Amino acid sequence: MPKPHPKVVQPSPPVLNTEGFVAETRIADRKLLRTWEAKLASWLKVNPDDLKSRGRLADIHLRLGHIDRALAEARQILKASPLDPYANGVIAYWLWQQKQFAAMLGPAEIATKGQPNSFVPWMIMGVAHTVASDARALAAFTRATQLAPNFGLAFVYFAENLERFGHLDAARFVNRRALELLPNNTTAWTTEASIQWRFGQIEAACDACRKVLALKPQARQAASSLMLYTVSGDCSDQHIHDTAVATVAALRAAGPPPRPVARPQRPTPPAPRRIGFLSGELRRHSVSFFLVPLVKALRARGYEVFLYSSSDKTDDITNIYQAEANCLRTVFALPAEEVAALIAQDRVDILIDTTGHTGGNRLDVFELQPAPVQATYLGYPGTLGVPEVPFRISDGAADPPGEADRWSSETLIRLPRGFHTYDPLAPLPPIQPRPHRPVTVGSFNAPHKYSDRLIRCWGRIAAAAPDLRFLIKFYQANDDSYQRLFLRKLGEVGIDQERLVIEKLKPSWQDHMDTYNRIDLGLDTFPYNGTTTTCEALAMGVPVVTLRGERHAARVGASLLGNLGMTDLIAETEDAYVDLAVGLVRDTDRLAALRGGLRERFFASPVCDAARFGADFAAALTRMWQAAGLANAEQAAAPSVAAVPQPAAEPLRASPAASARLGATGKPIVRVLHNLARSGGTVISKCLGAMPGVYLLSEVHPHAEHVAAAYRPMTAKLDPRYQAWTWYRLAAGTLQLADTSPSERFVEIVGAIEVELAERGGTLLIRDWSHLDFTAAPFLDSATFTLTTADVLATRFDVVQTTTVRHPIDQWCSLHRLTVMQDLSLDTYLHGYLAFAERCAAIGFVRYEDFTAAPDAHLKTLCDRLQIPFDPGYAATWADNAHVTGDDSPLKTIAPVRRKPVDADLLAAFRANGDYRSAIALLGYPD
């Protein structure tokens, strides 16, 4: 595995200021723009079908800041021409404003193809790729800066991406231009801080953070960056503490005080049972090698573990978390109040932060106190300074009693045998026999850990052992300019290039681990020790020399080695560090003896004893529970496998709906309404959705993920998770499911929603997107001619279903007015219509024409079939029901529909089609 990207505080989601963007794109000659705005508006009154002119008008509206006008024009254009570049550019910008970052990529791509020499769509394309952490952002911003060399925001975002992808020298150059154009842009100063930090200029990085905070006192990420960079430097515990406390206090003073979220009323359990971890690292990240075994250990001891991911990145390690925890929710980009409400709703007893002041942290959530006890652990090597986080979990070696307590804003909860348990999470490559070559020392730590003091000590080690070789590996080594800087720093202390190998990024984790076979001795960094890299080296049979320092980050190496009983590799001074390393390099027999059996010794040590660690951690949870005054010692004995039954210690609350939620098969009931597009299904669904307690998911489908990319912006709101969270604030809408098929994900999501609604006493109704099953075009390649949603859900649910239909001629005329349906042939449509009619005849249907003639009677029929209590009060509320898709009509009343006149040629084409004749016979329609 390549080394994880160092923990850089990136905006989450990136600070891409749309208001600033509009302000800068307004051309100075606004009078000329307004003149053209008036001319085009007059022209379009006479020539309303001139889409090109309408597109230019939309573009001018956008540049003048008239967003609503631009959006109205764009939507009108897209009805006739979905690929219009101007309209797609406006839609992409509007989606940016709405923070629908994933959805804006499609229209942005269309806009760049149609306007290759306009920098605006290139900017938006770059923004879309930035949010997705996609390196294609670099090409987009390259083009944008070429087209607009004086447009500051293009350089700001370009530099931000160059820094993110490790092109540090280029980032420094581009960001210099960004600051020339926008000297008070906080994103540019944030990027400047990160660049300086990566180059080891800690004080310059801190100064840049202070500049951001001077410009924007409520800039949380800059405050966290300042504290992270302070911890990275050669600072005392007192300085780190004072900086944290003062920075957090200043941040609080700049805004309103946090208001704790309301937690559900419930009896206080005698001991904590539900443990939550709010983390930005639930993926292949250094933290996961320690957090995954802890989650497993807590689950084995009977705890319920709830995980909240503040990152939008997932991978194979995310799948492990998904399988091991009781629940994994994605809370990336959700406001703090919503995340806190979710955690409170989950009734978490102890909430633990694993991110600290590093990238992706959500300390703003902890300020709202969603759990009765809150702590920080593992991911950040210092005090937080956040009053609402009163506990920090560590050990006596990393935080010795006395001074460490004095300079910690939290109460230190010390574990007795180290505060780490390590698991490589995959088979290790074999340890290779040492070849005949000069002794090689190495370090695979992040570059900001290579302090000047450390480099000087390495120079002394090299001078004392002339044949010694160095092998260094870190993420930024892929950037040639950074590699040159590192070579220069080592050269200044006498380590020339011939004695040094700098390894670049490896294609896989196994390749990364195999690189340890090329070194004989690890040299730990100071004053910021390695953690994951030290465990990796020991697991690969490589002993590590460390220097015990005077603060937490400088004592982690001593904690790990002390738990292996290898205290002879812990130096107390820099001179001792040099002597210890030189002695081992010269005494190859002793070095070989240390290496022999080291892997076995490491995995037999407390560092890898997850069961033991789970017991220690459970005791720490109990101590925090007691310290918070929530239990006494006798009541709060830590749960064990025998003492705590599975499943949940707190069962779901009973409700009338929950008691009646099982069908004849013993499975939970799920209700499904089927209808084809443009058949009145939206109006009928709005009426059903207005019934008391009904929660409607509208036009969702298991195969929606297969829809062609060009149509994804149109279908983004058809994700059941989107609707569950946005419409109803159901926590199931935040579920993250990876490495499963779309059908499996669909069933899991619906299952989670159904369980949550059972707790609320609600009724789930699914209106499926039957168009995909029976027509497919243009969204899918082919139709299946089956009711896929019902078939997929039947694996877990008792499916109660019914259908609605409309006369095929009227439906066709309405359907074919849609631009996206222009390529749908009449024969294809009628073939699918007949297949749908056959299913309708088998399970029951209501005709739209009948429904509009007598809504109450036919709605009651639908309710009876769907096992939903009918309430005539729906008539007063259905028109205002916004929880439905496809609602582009101002219809407020239901009136009988009449057959519309049809062209004689079209009518003849219908009558000549055998599928048409069979379908209307099945459904009882007149010709």
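**Close-up views of salt bridges and nonpolar cores**

**View 1. Asp169 and Arg172 form a salt bridge through their side chains, at 3.1 Å from N to O.** A salt bridge here is a side-chain nitrogen of Lys or Arg within 4 Å of a carboxyl oxygen of Asp or Glu. The structure is a predicted model, in which local features need pLDDT of at least 70, side-chain atom pairs count only at pLDDT 80 or more, and totals for chains, interfaces and linings use all residues. Residues are numbered from 1 along each chain as its sequence is written, and side-chain values use heavy atoms, with hydrogens and water left out. Asp169 and Arg172 are separated by about one helical turn because they are three residues apart in helix H10 (residues 168-181). Helices (H or I, at least four residues) and strands (E, at least two) are DSSP runs, numbered from the N terminus. Asp169 is partly exposed, with a relative accessible area of 32%, and Arg172 is partly exposed at 29%. Buried means under 20% relative accessible area, exposed over 50%, and partly exposed in between (1.4 Å probe, protein chains only).

**View 2. Arg453 and Asp234 form a salt bridge, with their closest N and O atoms 2.8 Å apart.** This pair links distant parts of the chain, 219 residues apart. Arg453 is in helix H20 (residues 452-464), and Asp234 is in the loop between helix H13 (220-232) and helix H14 (237-253). Arg453 is partly exposed, at 23% relative accessibility.

**View 3. A salt bridge joins the side chains of Arg392 and Glu410 (3.2 Å, N to O).** Arg392 lies in strand S6 (residues 391-395) and Glu410 in the loop between helix H19 (403-406) and strand S7 (411-415), so the bridge ties together parts that are 18 residues apart in sequence. Arg392 is buried, with a relative accessible area of 5%; Glu410 is buried too, at 4%.

**View 4. A network of salt bridges links Arg220, Arg252, Glu367 and Glu388.** The count of salt bridges by this rule comes to 44.

**View 5. Tyr422, Trp458, Leu523, Tyr577 and Phe617 touch the most other members of the largest nonpolar core, which has 152 residues.** Helix H7 (residues 119-131) gives the most to this core, with nine residues. A nonpolar core is a set of buried Ala, Val, Leu, Ile, Met, Phe, Trp, Tyr and Cys residues joined through side-chain atoms within 4.5 Å. Not counting residues up to four places away in sequence, the contacts of Tyr577 include Leu454, Trp458, Leu523, Phe526 and Ala571. Contact means heavy atoms within 4.5 Å.
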